[in-house]
Amino acid sequence: MEAKIVLVDTFGLIDYFRKSEKSNSIWYNFGPTRFTCCISAVTEFEILTGASESQLKFWSKYRWS
């Protein structure tokens, strides 16, 4: 069976980042545990533009390209 790929939008990533209980987030429920996730260049730009040092460290754990 082929792996299913999900294009995650900025909304889903921000929802995950802001929730203290990650299992209640959109990305957690559709994300990396069940699908291969990817983001568009626009979403990567939106996430990284204006991110704080702690946010950049958080997002650096994920390989987007």
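Residues are classed by relative accessible area: buried means under 20%, exposed over 50%, and partly exposed in between, computed with a 1.4 Å probe on protein chains only. Lys-22 is partly exposed, with a relative accessible area of 25%. The model is predicted; local features need pLDDT of at least 70, side-chain atom pairs count only at pLDDT 80 or more, and totals for chains, interfaces and linings use all residues. Residues are numbered from 1 along each chain as its sequence is written, and side-chain values use heavy atoms, with hydrogens and water left out.

Confidence was examined next. pLDDT is the predictor's confidence in each residue, on a scale from 0 to 100. The protein averages a pLDDT of 80, and 85% of the residues score at least 70. Confidence is highest in α3, at a mean of 89. Helix α2 (residues 26–30) has the lowest confidence, at a mean of 73.

The protein contains four helices and two strands. Helices (H or I, at least four residues) and strands (E, at least two) are DSSP runs, numbered from the N terminus. Along the sequence, the pattern reads β-α-α-β-α-α. Of the 65 residues in the protein, 28% are buried. Contact means heavy atoms within 4.5 Å. Among the contacts with a separation of 6 or more, 65% join residues 24 or more positions apart.

Helix α1 (residues 10–18) packs against helix α3 (residues 41–48) at an angle of about 35°. The two axes are 9 Å apart. Axes are lines fitted to C-alpha atoms, for helices over the stretch in contact, and angles run from 0 to 180 degrees between N-to-C directions. Thr-10, Leu-13 and Ile-14 in α1 meet Thr-43, Glu-46 and Ile-47 in α3. The residues of this contact divide into three nonpolar, two polar and one charged. Here Ala, Val, Leu, Ile, Met, Phe, Trp, Tyr, Cys and Pro count as nonpolar, Asp, Glu, Lys and Arg as charged, and the others, Gly among them, as polar.

Thr-10 lies in helix α1. Thr-10 is buried, with a relative accessible area of 10%. Beyond its neighbours within four places in sequence, Thr-10 is in contact with Thr-43, Glu-46 and Ile-47.

A nonpolar core is a set of buried Ala, Val, Leu, Ile, Met, Phe, Trp, Tyr and Cys residues joined through side-chain atoms within 4.5 Å. The largest such core has nine residues: Val-8, Leu-13, Tyr-16, Trp-27, Cys-37, Ile-39, Ile-47, Phe-58 and Trp-59. Helices α1 and α4 (53–59) each supply at least two residues of this core. Ile-39, one of the core residues, sits in the loop between β2 (36–38) and α3. Ile-39 is buried, with a relative accessible area of 12%. Ile-39 and Val-6 are 33 residues apart in sequence and 8.3 Å apart in space, C-alpha to C-alpha.

Lys-22 is found in the loop between α1 and α2. Gln-55 lies in helix α4. The relative accessible area of Gln-55 is 25%, so this residue is partly exposed. The C-alpha atoms of Gln-55 and Phe-17 are separated by 8.4 Å, although the two residues are 38 residues apart along the chain.
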